[in-house]
Amino acid sequence: MADLPYRIVIGLEVHVQLLTRTKLFCGCSTQFGLPPNSATCPVCIGMPGVLPVMNRRAFDLALRAALALNCQIARFTKWDRKNYYYPDLPKNYQISQYDLPFSYDGWLEIPTPAGSKRIGISRVHLEEDAGKMLHDEQGGGRDSLVDLNRAGTPLLEIVSWPDLASPEEAKAYLEEIRLLLREIGVSDCEMQEGSLRCDANINIHIPQGDGPVVKTPIVEIKNLNSFRAVERAMKYEAQRQYEEALRDANYRLGQVAKATAGWDEVRGRTIVQRRKEEASDYRYFPEPDLVPVVVEDAWLEHARAEMGELPAAQRRRLVEQYGLSPYDAGVLTSQGRALVAYFEDVARRSGDARTACNWITNQVLASLKERKMEIKDFPLHSERLAELIAEQKAIGLNKQMAGEVYNHMLENGCSAKEAIDALGIKPVADTGALVEIVRRALAANPKAVADFKAGKTKAAQAIKGAVMRETKGTARPEVVEQIIVEQIEKTP
Ligand code: ZN
Ligand code: MN
């Protein structure tokens, strides 16, 4: 990003649906894909006189997420009404948290090409979701329907500081949130099912030689519904703001209000929609039907105990404990804890973490992708892969043959030894046998031997080729080379 004439400043607001079975303030199901308006009750459709009751499980998950995001936890927190009118919100207010969010002041470490970077998190709060409008579903462009199944579903709103300095970082931050929350069992973060949604605030800073830096008005881009959309929208909007700043002096002087925009995926551009509303427009006030929440030590400790190892710590540990590169550690971690556990088991059994990592990041991940499968269903168990690594070393299988053994094991569910037998690979196990073969090859190639002795080290290749042919590639090339040199030195 060093070649841009401006600096990009991005902050993200992420809404994540919590993995509870029931809604935040009533017992209705949160299951995705139920018939419209079937998972509703007087509480979540806002009938007069009903009383909401907080789902303690939702608060549990929210605490776990906030701790994983390194947040401070408020010991006293309350609910507020955010008032606005929209057909998918029958109560005319959303129960949210305003001035006393249950957590604040956290950070998330994201991997970047320049190393890991901390992104500040200003607050994380709990709130209920609204329903969903379905436009033009049945009336040929003339109807709008509303489905209230989602109304009252628990959402976690995670607000970052504007610490993201590029579209790539924004995408990496979102991916890290998804990985983290999936790993700790807080959300499935399925973007296409709406359980992870993202709004982005973006502006740019343009240096002006000696003059003050020009800061463009912040634009909030709503409802970015894929990782790619986030990255593309950020790129587009930064450049759009730059061009507008070049063109328009008022804009350049910051005399234009903040705005809200949408993202047109098809045309690949942002569309500025309206001047942004301020918090005062929502007339927040404390929710009178819910008691404030007091978080005791025991509750907090319980949430902490359920977190497990977080991705950033896991990446560091894989580098330190197994000597993996940060890149490889990132690849393993990004696939989730189950794959990391698989790797650790293969590494422990084979005693060779580097080779275990190579097998997994290359062949195993490719096989999983090809079979559209998760590691827990993978037929080649960790002990089998460790066995293959052991055989590979014991009999000096080259890469290509090891790959054939791997495929055979995967297809037939057999052990490495069985696969080697079935493929008719005759291992040249002892160096004794290999020495014999090398001696024969030397005897058959006196010219190559003479050339080698005369300093033409390349001549050894011809002998090596003969040996590899005879052993059908089962000998390890580096061992063959070593024996050739030793034997040539012994010949008079
Ligand atoms: Zn309900
Ligand atoms: Mn919200």
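This is a predicted model: local features need pLDDT of at least 70, side-chain atom pairs count only at pLDDT 80 or more; totals for chains, interfaces and linings use all residues.
1. Overall count. The structure holds 37 salt bridges.

2. Arginine 57 and aspartate 60. These two form a salt bridge, with 3.9 Å between the closest N and O atoms. The cut-off is 4 Å, so a pair at 3.9 Å counts as a salt bridge. Both residues sit in helix H1 (residues 56-68). They are three residues apart, which means a separation of about one helical turn. Arginine 57 is partly exposed, at 38% relative accessibility. Aspartate 60 has a relative accessible area of 12% and is therefore buried, since buried means under 20%.

3. Glutamate 265 and arginine 232. Their side chains meet in a salt bridge at 2.8 Å, N to O. This pair links distant parts of the chain, 33 residues apart. Glutamate 265 lies in the loop between strand S14 (259-264) and strand S15 (269-275). Arginine 232 belongs to helix H3 (residues 227-247). Glutamate 265 is partly exposed, with a relative accessible area of 32%. Arginine 232 is also partly exposed, at 27% relative accessibility.

4. Glutamate 436 and arginine 439. Here the salt bridge spans 3.3 Å, N to O. Helix H13 (residues 431-444) carries both residues. They are three residues apart, so about one helical turn separates them. Glutamate 436 counts as partly exposed at 39% relative accessibility. Arginine 439 is partly exposed too, at 41%.

5. A network. Salt bridges also link Glu168, Lys171, Glu175, Glu231 and Lys235 into a network.

6. Helix H6, span. H6 covers residues 311-322, which is 12 residues. From first C-alpha to last, H6 reaches 16 Å. That is close to the 16 Å expected at 1.5 Å a residue.

7. Helix H6, buried residues. Pro311, Ala312, Gln314, Arg315, Leu318 and Tyr322 are the buried residues of H6. They pack against one strand and several helices. The strand is S6 (103-112). The helices are H2 (167-183), H7 (326-334), H8 (337-350) and H9 (353-370).

8. Helix H6, what follows. Glycine 323 comes after H6. Its phi is positive, near 70°.

Note on methods
Residues are numbered from 1 along each chain as its sequence is written. Chains are lettered from A and ligands numbered from 1 in the order in which they are written. Side-chain values use heavy atoms; hydrogens and water are left out. Helices (H or I, at least four residues) and strands (E, at least two) are DSSP runs, numbered from the N terminus. Buried means under 20% relative accessible area, exposed over 50%, partly exposed in between (1.4 Å probe, protein chains only). The expected span of a helix is 1.5 Å times one less than its number of residues. Contact means heavy atoms within 4.5 Å.
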